[in-house]
Amino acid sequence: MTNIFTPVTLGRFTLKNRLVMAPMTRSRANIDGTPGELAALYYSQRASMGLIIAEGTQPSDDGQGYLTTPGIYTEAQVVGWKKVTEAVHQKGGHFFIQLMHAGRMSHPDNTPHHRQGVAPSAIAPGTQMFTVSGMQDIPEPRELSTAEIRQTVEDFRFAARRAIEAGADGVEIHGANAYLIQQFLALSANSRTDEYGGSIENRARFAIEVAQAVSEEIGADRTGIRLSPGLNLWGIEEGPECADLYHYLVTELNKLGLAYLHIMHQGNEPLLNDLRQRWTGTLILNRPGRPRDDIGQDVHSGMAELESYGAMALANPDFVERLKVHAAMNEAHPEGFFGGTDKYYTDYPFLAGKKI
């Protein structure tokens, strides 16, 4: 059986262990979309992880959904991210930036241009979002034209190139969690009648085109994608066709030779087993709420090559060392997840007598 502390190949890289820091929105970026002043410290504190995947980062003005999330498409944003990547690399870590287009999960008050959100179809998610004025209903999005969809693919391509210019080792395409790519996949969010709607093949087209474009731009061995098969959230309902949808999508993505597939598991074990068989490359598996005693089981069993962790990595900058020495873990403080200062961001304690 494989141990989580052994090296592993991911794309063109050799990682020092099989533990991954999952992407987590922290809402601490500057108003211009550059990473906040503490971002370099926050990520470099956690550089003992085999791979760090940065918070969701918008590829364009239209891609922003939440307040104070970072972007990776302007020169200033590239400069800001360079500080982060250099800090992580100095600590011997590997760093991917997650490209996240929020689609309809957006509010005009939160974006640089204050325009209506965009989506495959003009269907509101039926939920609220935090804005500078507090919680507000998310308005109905504007349906993207076919030409705009193709431009959005190019936005992902450009952002991927910018990420590499900023020193990132690669990018993860966010195809999960009810954001734009999953909106194209789901009938509940996509009622189009053109080549991007209707059949499973058509609804998967956008995800595949984005993965192809990013791979062409920076190399498949620097490109990962995250999916959440079966997730029902914010108006996304994948329903009984879920298995067929992801069978097709993962089979097609597998042909691209991507660095990895990152699955946020929703509990359907038969589907997970099937996708594992269809994906011949590196698999990162995230099981939300995984108990500490279960850490390493998916790597040991061969279900995945790596395991990703969110709240435990957020609250424990020395997560890897604590696992190795069987030390107690810090508890995460949800009140500090989004926005704020260094509190519950860069001030989580290390093991006694140690600091990075």
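Strand β13 (residues 283-286) pairs with strand β14 (residues 306-309) in the parallel sense, over two bridges. Two strands are said to pair if DSSP finds at least two bridges between them. Strands (E, at least two residues) and helices (H or I, at least four) are DSSP runs, numbered from the N terminus. In general, the strands of a sheet pair through backbone hydrogen bonds, either parallel or antiparallel. Within this pair, Leu285 stands opposite Glu307 of β14.

The model is predicted, and local features need pLDDT of at least 70, side-chain atom pairs count only at pLDDT 80 or more, and totals for chains, interfaces and linings use all residues. Residues are numbered from 1 along each chain as its sequence is written, and side-chain values use heavy atoms, with hydrogens and water left out.

The two strands belong to a closed barrel of eight strands with parallel pairing, which runs β3-β4-β5-β10-β11-β12-β13-β14. On average, neighbouring strands of this sheet are turned by 25 degrees against each other, direction ignored. Helix α7 (residues 242-254) packs on the sheet and touches β11 (223-227) and β12 (260-264), where contact means heavy atoms within 4.5 Å. The direction of helix α7 makes about 175 degrees with that of β11; axes are lines fitted to C-alpha atoms, for helices over the stretch in contact, and angles run from 0 to 180 degrees between N-to-C directions.

The next topic is charged side chains. The structure holds 21 salt bridges, each being a side-chain nitrogen of Lys or Arg within 4 Å of a carboxyl oxygen of Asp or Glu. In one of them, Arg162 meets Glu165 at 3.0 Å, N to O. Both residues lie in helix α3 (residues 146-165), three residues apart, about one turn of the helix. Is Arg162 buried or exposed? Arg162 counts as buried because its relative accessibility is 13%, whereas Glu165, at 39%, is partly exposed. Here buried means under 20% relative accessible area, exposed over 50%, and partly exposed in between (1.4 Å probe, protein chains only).

Another salt bridge joins Asp194 and Arg192 at 2.7 Å, N to O. Arg192 is buried, with a relative accessible area of 6%, while Asp194 is partly exposed at 21%. Salt bridges that share partners also join Glu154, Arg157, Arg161, Glu216 and Glu217 into one network. Glu148 and Arg142 form a further salt bridge, at 2.9 Å, N to O; Glu148 is partly exposed at 27%, and Arg142 is partly exposed at 32%.

Rings of Phe, Tyr and Trp (its six-membered ring) pair if their centres lie within 6.5 Å; planes under 30 degrees apart count as stacked, over 60 as edge-to-face and the rest as tilted. By this rule the count is 14 aromatic pairs. One of them is the stacked pair of Phe184 and Phe206, at 4.5 Å centre to centre with 25 degrees between the planes. Phe184 lies in helix α4 (residues 180-185) and Phe206 in helix α6 (residues 205-218), so the pair ties together parts that are 22 residues apart in sequence. Both Phe184 and Phe206 are buried.

Elsewhere, Tyr42, Tyr43, Trp81, Phe95 and Tyr345 form one aromatic cluster. The charged end of Arg28 sits over the ring of Tyr345, 4.4 Å from its centre, and Lys343 lies over the face of Tyr344, at 4.5 Å from the ring centre. A charge sits over a ring if NZ of Lys or CZ of Arg is within 6 Å of the ring centre and within 35 degrees of the ring normal.
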